[in-house]
Amino acid sequence: MNETIHSRLDDGLSVGGYSRVEDGLLWETFVGDDVVVQCPPAGREELVSRARALFARAREAGARVPAVLDADPTPPAYLVVRRIHGQSLSAVREGDETRQELLAAVESAGETLGRVHSTGGEGYGDIEPPAYREGRHDTWRAVVRGIVEDALEFTAGGPFEAVAEAAADGFRPVAVPETPPVSLLHGDFSGDNVIIDPEGRAVAIDLDNASHGDSRFGFVRARSALTDGEPEATAFRRGYDRTHGLALGEPLERAYVRLAIVESAHDGEWCRRNTTVETADWADGLTRWYRSRFE
């Protein structure tokens, strides 16, 4: 496939029959009949090696993620993965599926996230090259301190500042474990990054924001992003419990809700500055989440 992709890159993938995806935040993405081709921006060719390694690690742990068919980190760099036919969980939610079909899809998403979290590693935080198996920090608490500090600085003066400050005000790093078992955290396990295949199975895509950390934090944040109401939250937990253990008491859950709000505020501010994504509802949603738990 290498020679074919290079030839088509030279000619232009759109000319070769691929459809360009318009909403990619980082990669330039083209969809063919059975493959997806992603091209990183100039100077970010390392994204290819990172994605290839993380997808391989997750698949080794049994997670449903796309299979990497080809990759080349040298310019013009590209990654080729098998296309997952189906529709996103967001589309399922907005479509004509029954309530039971939606709950089944959410439950499958929980199962898939559990498999992702069962992907181990070493260290915490940003995952370092060349093997992409080791996090940058020795402790999880060092990572969460950085999450809070970076978010408060980054959101200052913007629409996410108030909710980030409110959530951070009651957060104490000592409330989280210092060295929990290391899990691969997806980082953006949302309805747009979960594809429901024709058999009703959830497949996780887009590991661009993946890091190493405590799976309980990843669960709390994903549950908020992916579910709407108690029946969906219950279905999500049921699927997750089939593939990954979850010892989550109320004090730790409350700490991780605060941390999830802070991290999501940072992400919202980044999107506000760098994309055309409408973020007013995002900020309002975080505020409602905070008030529902802490006021």
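**Salt bridges and a covered helix**

At 1% relative accessibility, Glu232 counts as buried, because the cut-off for buried is under 20%. The model is predicted.

Glu232 has a charged partner. Its side chain meets that of Arg99 in a salt bridge, 3.0 Å from N to O. This pair links distant parts of the chain. Arg99 sits in helix α4, residues 99-117. Glu232 sits in helix α8, residues 230-243. Arg99 is partly exposed, with a relative accessible area of 41%, whereas Glu232 is buried.

A second pair joins two other helices. Arg293 forms a salt bridge with Glu250, and their closest N and O atoms are 3.4 Å apart. Arg293 belongs to helix α10, residues 280-294. Glu250 belongs to helix α9, residues 250-274. Here 43 residues separate the partners. Both are partly exposed: Arg293 at 23%, Glu250 at 42%.

Next, Arg44 and Glu46. Their closest N and O atoms lie 2.9 Å apart in a salt bridge. Arg44 is partly exposed at 33%. Glu46 is partly exposed too, at 35%.

Some bridges form a network. It links Glu107, Glu111, Arg238 and Arg242. The whole structure holds 22 salt bridges.

Now turn to helix α7, residues 215-226. Its 12 residues should span 16 Å at 1.5 Å a residue. Its end C-alpha atoms are 16 Å apart, which agrees. The helix is mostly covered, with 10 of its 12 residues buried. Among them are Phe217, Phe219, Val220 and Leu226. Arg216, Arg221 and Arg223 are buried as well.

Terms used:
Residues numbered from 1 in each chain as written. Predicted model: local features only at pLDDT ≥ 70, side-chain atom pairs only at ≥ 80, totals over all residues. Heavy atoms only, no water. Helix = DSSP H or I, 4+ residues; strand = E, 2+ residues; numbered from the N terminus. Expected span 1.5 Å × (residues − 1). Buried < 20%, exposed > 50% of the residue type's maximum accessible area, 1.4 Å probe, protein only. Salt bridge = Lys/Arg side-chain N within 4 Å of Asp/Glu carboxyl O.
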